[in-house]
Amino acid sequence: MIPNADTPRIVFPKDLDEACRLQANPRTRGRLIAGGTDLMAQWAAGVPVPERIVSLKNLPELTGIALTPDLVEIGAATTHAAILCHCFPLCCRATAYSTP
């Protein structure tokens with residue numbers, strides 16, 4: 001529950017281009033979130049509730065994990081659960097071949 005009487009307007013852009021357009025305009029710009037857990041903790045601590053929130057949670061351009069032989073790329077809006085499912089097994093395999 002938001003401890004402030006004000007309720008922010010939450011906007012869900014359909015893609016990254018729309019999110020960028022919203023942020024480029026001072027009249028539609030908002031606080032960017034992907035999940036909101038940290039924001040809820042801040043509100044509970046007394047940080048003011050923003051007037052507008054722009055959710056990045058479901059933008060396909062910002063989610064997912066790409067694995068290559070040299071790189072693990074994790075999207076900014078990828079959930080912790082997805083990281084654990086994909087990267088934890090990879091880390092376990094990597095430590096099996098590493099030297100102390």
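User: How many disulfides does the structure hold?
Analyst: It holds 0 disulfides, a disulfide being a pair of cysteine sulfur atoms within 2.5 Å. Keep in mind that this is a predicted model, where local features need pLDDT of at least 70, side-chain atom pairs count only at pLDDT 80 or more, and totals for chains, interfaces and linings use all residues. Residues are numbered from 1 along each chain as its sequence is written, and side-chain values use heavy atoms, with hydrogens and water left out.

User: Is cysteine 85 buried or exposed?
Analyst: Cysteine 85 counts as exposed because its relative accessibility is 57%; the cut-offs are under 20% relative accessible area for buried, over 50% for exposed and partly exposed in between (1.4 Å probe, protein chains only). Cysteine 20 has 45%, so it is partly exposed.

User: OK, new topic. How many salt bridges are there?
Analyst: There is 1 salt bridge, meaning a side-chain nitrogen of Lys or Arg within 4 Å of a carboxyl oxygen of Asp or Glu. Glutamate 18 and lysine 14 form a salt bridge through their side chains, at 3.7 Å from N to O.

User: And how exposed is lysine 14?
Analyst: Lysine 14 is exposed, at 58% relative accessibility. Glutamate 18 is partly exposed, at 21%.

User: Let's jump to threonine 78. Where is it found?
Analyst: Threonine 78 sits in the loop between β5 (72–74) and α3 (80–97). Strands (E, at least two residues) and helices (H or I, at least four) are DSSP runs, numbered from the N terminus. Threonine 78 counts as buried because its relative accessibility is 12%.

User: What does the side chain of threonine 78 reach at 2.9 Å?
Analyst: That's the backbone nitrogen of glycine 64. The threonine 78 side chain also reaches the backbone oxygen of glycine 75, at 3.0 Å.

User: Which residues does threonine 78 touch?
Analyst: Leaving aside residues up to four places away in sequence, threonine 78 touches Leu62, Thr63, Gly64, Ile65 and Ile83. Contact here means heavy atoms within 4.5 Å.

User: What about isoleucine 10, where does that lie?
Analyst: Isoleucine 10 lies in strand β1, residues 9–11. With a relative accessible area of 44%, isoleucine 10 is partly exposed. Not counting residues up to four places away in sequence, isoleucine 10 touches Ile53 and Ser55.

User: How many residues apart along the chain are isoleucine 10 and serine 55?
Analyst: They are 45 residues apart along the chain, while 6.9 Å separates their C-alpha atoms.

Notes
A polar contact is a pair of N or O atoms within 3.5 Å; within protein, one must be able to donate a hydrogen and the other to accept it, and residues adjacent in sequence count only if both atoms are side-chain atoms.
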